[in-house]
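Reader: I am new to reading protein models. Could you take me through this one by question and answer?

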Amino acid sequence: MGISMYKSYLLLVLTLMLWSIPSESLALRSAMTGVNFDDVELTLLVPPAYYEQLYDRAIEAFAKAGLRPKREIDRTILQEGKGYILFIELWAKSIETCPGHYRYEQTAELQEWVYFDRIGERLLMSSPMGSDNSLVVTAKPDLTRLQRDLDDLLAVIIQHYRVVNMER
């Protein structure tokens, strides 16, 4: 269950590009910079029949990387801008006009409350993480496909996190 050759190449290029960016510039460009995974809530939108299997798989992948997102974090911490929600969606919706075909979305984003001085309040911001927010028409994805797609998303997210948070 590895990353495709193309995705591996893109991951390598991203890693090399991020490595060469000065840390001050990088902080402006990455929502993952400085994120403490102890303050991250992992939320999955997946078919209910596979939720527990996929959630456990995601937690295991993060644990292997030394990261510990939570099932739920305090909403007060979120609204104070001290916590994050990592939202991952692997969802298929049937297409009424085309039986047996589904709109399949694969997205990952980091959500956080950000304070804006110019308007004097916090707003919920979402930053795409490790996905191109792709939508494809396909047969209904089975557990094997969902696991593979989840693994691919998690590998990119974890690699990106490591690159932007590595000690210099």
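Author: What follows is a set of questions on the fold, the core, the strands and some ring contacts.

Reader: Before we start, what kind of model is this, and how are residues numbered?

Author: This is a predicted model, in which local features need pLDDT of at least 70 and side-chain atom pairs count only at pLDDT 80 or more, while totals for chains, interfaces and linings use all residues. Side-chain values use heavy atoms, with hydrogens and water left out, and residues are numbered along each chain as its sequence is written, from 1.

Reader: What percentage of the 168 residues counts as buried?

Author: Buried means under 20% relative accessible area, exposed means over 50%, and partly exposed lies in between (1.4 Å probe, protein chains only). Accessible areas come from the Shrake-Rupley method with a 1.4 Å probe, and for residues only the protein chains shown count as cover. The protein chain exposes about 10000 Å², with carbon and sulfur atoms supplying 55% of it. Of the 168 residues, the buried share is 36%.

Reader: Which residue in β2 is the bridge partner of L44?

Author: Two strands pair if DSSP finds at least two bridges between them. β1 and β2 run parallel and are joined by six bridges. Within β2, the partner of L44 is I88.

Reader: Do β2 and β3 run parallel or antiparallel, and which residue of β3 is the bridge partner of I85?

Author: Ten bridges join β2 and β3, and the two strands run antiparallel. F87 stands opposite E109 in β3. For I85, the bridge partner in β3 is Q111.

Reader: Which residue in the turn between β3 and β4 has a positive phi?

Author: β3 pairs with β4 (residues 121-128) in the antiparallel sense over eight bridges, and E112 has M125 as its bridge partner in β4. The two strands form a hairpin with four residues between them. The turn residue with a positive phi, about 70°, is G120.

Reader: Why does the F37 and F62 ring pair count as tilted?

Author: Rings of Phe, Tyr and Trp (its six-membered ring) pair if their centres lie within 6.5 Å; planes under 30 degrees apart count as stacked, over 60 as edge-to-face and the rest as tilted. A search of the whole structure finds three aromatic pairs. The rings of F37 and F62 have centres 5.3 Å apart and planes at 40°, so this pair is tilted.

Reader: How many residues apart in sequence are the parts that this pair ties together?

Author: F37 is buried at a relative accessible area of 3%, and F62 is buried at 0%. Ring pairs also link F37, F62 and Y161 into a cluster. F37 lies in the loop between α2 (23-29) and β1 and F62 lies in α3, so the parts tied together are apart in sequence by 25 residues.

Reader: Is W91 buried or partly exposed?

Author: W91 is in strand β2. Not counting residues up to four places away in sequence, W91 touches residues including L45, P47 and Y104. At 29% relative accessibility, W91 is partly exposed.

Methods:
Contact means heavy atoms within 4.5 Å.
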